[in-house]
Amino acid sequence: MMSSIDLCVLCAAVLACLMVGSLHLRLNLWLYGAETLCIALATLFTAQSHSESGLIYIALLIAGLKAAGIPLFLGWTSEKLNVHRDVGAVIAPPLAMHLTIILLAFSFILTRGLPAPSMAASGWYGATAGISLLFTGLVVMLTRRLAIGQILGFLVIENGIYVFALTQTLGMPMLVEMGVLLDMLVGVMVSGLLVFRIQKSFEHIDVAQLTSLKE
Amino acid sequence: MTDANIHLLKICSDWILFVLCIVLVPPLCLGLIRKTKARLQNRVGPPLFQPLLDLLKLCKKGETISSTMSGTFRLSTVVVLATMLVLAWMTPWLSFKPWSPNADLFLIVYLFALARVFTLLGALDSGSAFGAFGASREVTLGLLVEPALLLGLVALGLFSGSSDLRLIFAYSHFQYLGATAVPGIWLLVGISILLSSLVELSRMPVDDPTTHLELTMVHEAMILEASGRNLAFIEFAHALRMSILFGLAAQCFVHAAAAVWCMSALTEGLLSIGGICVIAISVGVLESLSVKLQWRKVPEFVAYVVSMSLLAAFVAAGTGVARL
């Protein structure tokens with residue numbers, strides 16, 4: 001029987017899979033926002049089931065900063081840089097999406113081998129979602145050529161780690177969670193500014209061509 | 001009256017109701033889509049059953065035939081209409097229907113393919129260049145969308161443990177399964193069938209059915225040479241195909257609802273007709289709001305449909321693992 005936490009994190013994993021299929025930056029950012037909102041909901045349900053009030057603030061922070069703030073900031077960046085579409089690399093996005101779904105099934109099989117956490121809020125399904133988000137972030141980073149796509153892939157991986165920790169433990173201390181959240185926000189800000197600098201120096205943000213930097 | 005008489009009466013009434021549905025629902029679907037589009041463009045629009053009247057008028061009209069045509073053209077129309085009628089009889093696109101034979105899901109998918117092949121033959125036989133254009137596009141679409149439809153139905157077969165569509169769509173398979181996964185599978189498969197039917201029927205995101213430019217048409221380009229009674233048959237077969245596919249999608253959604261709330265047979269029957277109407281109206285809304293995709297972008301759209309089916313298949317397989 002699945003709980004509402006399982007449902008939320010699996011929803012997030014599926015939304016991340018759907019994100020891989022499109023190269024439109026705005027659609028990608030929307031899907032990332034929706035995915036993160038699902039994770040915030042899962043955090044809220046975990047707070048309810050563990051009766052921990054600290055997690056409620058974390059859920060609110062995730063919804064505000066990660067689900068709304070980061071997509072808005074990256075959307076603003078892409079507007080400023082006037083890029084709306086990634087060019088894609090290695091695998092065509094539709095095939096990459098099918099690959100991530102197969103990886104989702106693979107991570108389901110993978111988590112069968114894990115010992116079931118005895119006290120945690122959500123067992124196998126949470127671990128499935130976490131590992132599948134890791135894979136998905138990896139595929140996003142592999143199949144994107146623009147720096148913004150790379151940042152998105154990194155964010156999805158971060159989501160995966162967070163989901164895994166949330167569902168497999170009794171909850172990390174609130175300070176640690178807040179620290180991670182702050183680090184990530186600063187990371188995205190810095191990389192967003194870096195993208196501006198790259199664009200200014202090289203007139204594109206194609207990371208595949210960055211090797212030609214050296215003179 | 002004896003029991004046998006009552007039984008006979010029930011069978012007769014079932015058949016009459018079913019035949020009425022086969023005759024009335026397809027034109028109603030077309031009419032609803034046209035009416036919705038008209039209302040959204042601030043027009044009054046034709047009456048709901050105008051497509052039926054159009055078909056009747058076409059039946060009375062004379063026919064012009066190209067001199068290069070062989071008998072294949074005539075045969076194709078007959079085969080397509082007959083296949084569609086058989087499909088309407090076998091496929092559980094309504095929750096109520098009279099006795100029907102074993103409807104294996106592979107048989108159903110390939111009967112749809114048979115109808116498509118004969119539409120193609122008819123188009124190629126007509127000798128017009130546009131027919132060949134349309135045929136080529138129809139084959140491309142068919143190739144793309146077949147895995148999605150097949151995978152979706154296989155997913156349903158996987159978790160209900162049967163490949164017979166009558167058993168799969170029998171409102172009885174959800175008692176002993178993990179309760180949350182079941183509406184999920186039905187919803188995913190419903191979305192996948194609905195989206196793949198848009199591709200299969202060459203409707204809006206893939207092709208504009210009301211276009212007047214032969215270079216972009218798919219289905220309309222194939223039937224350009226048909227006229228009179230022939231055209232009426234082809235149009236009716238196409239509308240019937242639409243209502244079967246929409247009906248299957250609606251059945252998936254009704255099953256998803258039935259896995260959560262208990263329903264009586266009458267509610268299910270009303271919902272299956274109502275579901276088709278709601279889907280037709282939403283297709284009309286979609287066609288008013290969206291623009292036609294570039295032909296190169298169609299595989300991307302289909303990829304999303306295949307993803308839905310893949311997800312459903314994996315969830316179905318996963319619940320099987322969880323049950324063991």
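## Basis of the model

The structure is a predicted model, in which local features need pLDDT of at least 70 and side-chain atom pairs count only at pLDDT 80 or more, while totals for chains, interfaces and linings use all residues. Residues are numbered from 1 along each chain as its sequence is written, and chains are lettered from A and ligands numbered from 1 in the order in which they are written.

## Chain A as a whole

Chain A contains 7 helices and 0 strands; helices (H or I, at least four residues) and strands (E, at least two) are DSSP runs, numbered from the N terminus. The C-alpha trace of chain A spans about 55 × 35 × 30 Å along its principal axes.

The radius of gyration of chain A is 17 Å, which agrees with the value near 17 Å for a compact globule of 215 residues. That radius is taken over C-alpha atoms, and the globule rule is 2.2 Å times the number of residues to the power 0.38. In chain A, 46% of the 215 residues count as buried, a term for residues with 20 or more other C-beta atoms, placed from the backbone, within 10 Å of their own.

## Helix α7 of chain A

Helix α7 (residues 174–202) of chain A has 29 residues and reaches 41 Å from its first C-alpha to its last, close to the 42 Å expected at 1.5 Å a residue. The expected span is 1.5 Å times one less than the number of residues.

The buried residues of α7(A) are Glu177(A), Val188(A), Gly192(A) and Val195(A). These residues pack against α3 (53–81) and α6 (147–168) of chain A. Just after α7(A), Glu203(A) has a positive phi of about 65°.

## A helix pair in chain B

In chain B, helix α1 (residues 3–40) and helix α10 (residues 265–289) pack at an angle of about 40°, with their axes 8 Å apart. Axes are lines fitted to C-alpha atoms, for helices over the stretch in contact, and angles run from 0 to 180 degrees between N-to-C directions.

The residues of the contact of α1(B) with α10(B) divide into 11 nonpolar, 3 polar and 2 charged. Here Ala, Val, Leu, Ile, Met, Phe, Trp, Tyr, Cys and Pro count as nonpolar, Asp, Glu, Lys and Arg as charged, and the others, Gly among them, as polar.

## Where the chains meet

14 residues of chain B are in contact (C-beta atoms, placed from the backbone, within 7 Å) with 14 residues of chain A. Helix α11 (residues 298–323) of chain B supplies the largest share of the side of chain B that touches chain A, 10 residues. That side of chain B divides into 9 nonpolar, 4 polar and 1 charged.

Methods:
Contact = placed C-beta atoms within 7 Å. Buried ≥ 20, exposed ≤ 12 C-beta atoms within 10 Å, placed from the backbone.
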